[in-house]
Amino acid sequence: MDGSATPRRKKIVNAPAPVGIATLITYIATIPGANMVVAHFGAVPVGFGYAAPAGVYMVGLALVLRDLARETAGRKAILAAIVVGTVISYFLADPTLAFASAAAFAVAETMDFAVYEPLRTRGFLVAMLVSNAVGLLADSLLFLKLAFGSLDFLPGQILGKAWMTLGAVTTLVLLRRRKHATV
């Protein structure tokens, strides 16, 4: 080495970039946010004459953000975020809602993650759509049964979360097209 080149330093910590950190924080915040809107607003209309607990939109957003956070921050970070989100969810709601929310969140997010990982090789959007379908169904079934002892809101829960997933996927497709059009 002639001294003019700087030796490459080995990366000691593989920390997420600022976008990954912001996505993780937003993802984690959707969970207590969902609990707060359920507590304050109860059921809300989601379309086609169906209603669901108000947190449905926040949880639908969480499913999408989980996948985005996985892409920007990595697997280990998102697994840690699932744990943090579960704990925060538990401590920020009334006991019945807290248990139902924490249990549904932990199970659904873990199932969503397990489906997402192997499908990721087929493309981000395919993995997101399929894993979110699994996650939203698991979350809806478990949360409604534990929180309300009933599945009366199930169609509304599925519809509300599906709206959020479809809206996010549409936005991502449009952003991707716009990016490619300007390149």
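The model is predicted, so local features need pLDDT of at least 70 and side-chain atom pairs count only at pLDDT 80 or more, while totals for chains, interfaces and linings use all residues. Residues are numbered from 1 along each chain as its sequence is written, and side-chain values use heavy atoms, with hydrogens and water left out. The protein has six helices and two strands, taken as DSSP runs numbered from the N terminus (helices: H or I, at least four residues; strands: E, at least two).

**Overall build**

- Along the sequence, the elements come in the pattern α-β-β-α-α-α-α-α.
- A box of roughly 75 × 40 × 30 Å, taken along the principal axes, holds the C-alpha atoms of the protein.
- Of the 183 residues, 42% are buried (under 20% relative accessible area with a 1.4 Å probe, protein chains only; exposed is over 50%, and partly exposed is in between).
- Counting contacts (heavy atoms within 4.5 Å) between residues at least 6 apart in sequence, 67% join residues at least 24 apart.

**Surface and charge**

- The accessible surface is about 10300 Å², and 69% of this belongs to carbon and sulfur atoms; the area comes from the Shrake-Rupley method with a 1.4 Å probe.
- The protein carries 16 positive and 9 negative charges, whose mean positions are 11 Å apart. Lys and Arg count as positive and Asp and Glu as negative, without His or the chain ends, and each charge is placed at NZ of Lys, CZ of Arg, CG of Asp or CD of Glu.

**Helix α2**

- Helix α2 (residues 56-73) has 18 residues and should span 26 Å at 1.5 Å a residue, which agrees with the 25 Å between its end C-alpha atoms; the expected span is 1.5 Å times one less than the number of residues.
- Its buried residues include V56, L63, R66, D67 and R70.
- G74 follows α2 and has a positive phi, near 100 degrees.

**Aromatic pairs**

- There are five aromatic pairs, meaning rings of Phe, Tyr and Trp (its six-membered ring) with centres within 6.5 Å; planes under 30 degrees apart are stacked, over 60 edge-to-face and the rest tilted.
- F48 and W163 are stacked, at 6.1 Å centre to centre with 20 degrees between the planes.
- F48 sits in the loop between β1 (43-47) and β2 (50-53) and W163 in helix α6 (residues 154-182), so this pair ties together parts that are 115 residues apart in sequence.
- F48 is exposed at 67% relative accessible area, and W163 is partly exposed at 38%.
- F143 is buried at 8%, whereas F148 is partly exposed at 41%.
- Ring pairs join F143, F148 and F153 into a cluster.
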